[in-house]
Amino acid sequence: MVKDIIIGQYINADSVLHRLDAKVKIILTVLFVAELFLLRGVVSYILFAAGVFVLMLMSRIRLRVFVRGLKGLTFII
């Protein structure tokens, strides 16, 4: 069960997101989470989800890895 949760684990890939400086990634993560709490309405949630999907594509990590990582969190979702 614990090995299925990949949140926070580094996955080696060569993408624009992986090459960003660590400070930039931390700042963008904080802004991303803050934006999540400021969303209002269905349209803003859809746009946020689309942004998450674009970031997933930019990371060049297979969708299967993301889905496998969510498997351990299904009780929360």
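Guide: Let us start with Ser59, which touches Ala13, Ser15, Leu17, His18 and Phe66, not counting residues up to four places away in sequence. Please keep in mind throughout that this is a predicted model.

Visitor: Where is Ser59 found, and why does Ser59 count as buried?

Guide: Ser59 is found in the loop between H3 and H4. A residue is called buried when its relative accessible area is under 20%, and Ser59, at 7% relative accessibility, therefore counts as buried.

Visitor: How do you know that the length of helix H3 agrees with its number of residues?

Guide: Helix H3 covers residues 42-58, and its 17 residues, at 1.5 Å a residue, should span 24 Å.

Visitor: Which residues of H3 are buried, and what puts them on the same side of the helix?

Guide: The buried residues in H3 are Ser44, Phe48 and Met56. Because they cover an arc of only 125° around the axis, they lie on the same side of H3. What covers the buried residues of H3 includes helix H2 (22-38) and helix H4 (63-71), whereas the face of H3 turned away from the buried side carries the exposed residues Val42, Val43, Ile46, Leu47 and Leu57.

Visitor: Why is Val54 called partly exposed?

Guide: Val54 lies in helix H3. The term partly exposed is kept for values between the buried limit of 20% and the exposed limit of 50%, and Val54, at 43% relative accessibility, therefore counts as partly exposed.

Visitor: What makes the nonpolar surface patch, and which element gives the most to it?

Guide: The patch, of about 310 Å², is made by Val16, Val54, Leu55 and Met58, and H3 gives the most to it, with 3 residues.

Visitor: How many salt bridges does a search of the whole structure find, and what makes the pairing of Asp14 with Arg19 a salt bridge?

Guide: The search finds 1 salt bridge. The cut-off is a side-chain nitrogen of Lys or Arg within 4 Å of a carboxyl oxygen of Asp or Glu, and in the pair formed by Asp14 and Arg19 the closest N and O atoms are 2.7 Å apart, so the pair qualifies.

Visitor: Are Asp14 and Arg19 buried or exposed?

Guide: Asp14 is exposed, and Arg19 is exposed as well.

Terms used:
Residues numbered from 1 in each chain as written. Predicted model: local features only at pLDDT ≥ 70, side-chain atom pairs only at ≥ 80, totals over all residues. Heavy atoms only, no water. Helix = DSSP H or I, 4+ residues; strand = E, 2+ residues; numbered from the N terminus. Expected span 1.5 Å × (residues − 1). Buried < 20%, exposed > 50% of the residue type's maximum accessible area, 1.4 Å probe, protein only. Arc of directions from axis to C-beta. Contact = heavy atoms within 4.5 Å. Patch = residues over 30% accessible without salt bridge, like charges linked within 9 Å, V, L, I, M, F, W, Y side chains within 5 Å. Areas by Shrake-Rupley, 256 points an atom, 1.4 Å probe, with all protein chains shown as cover.
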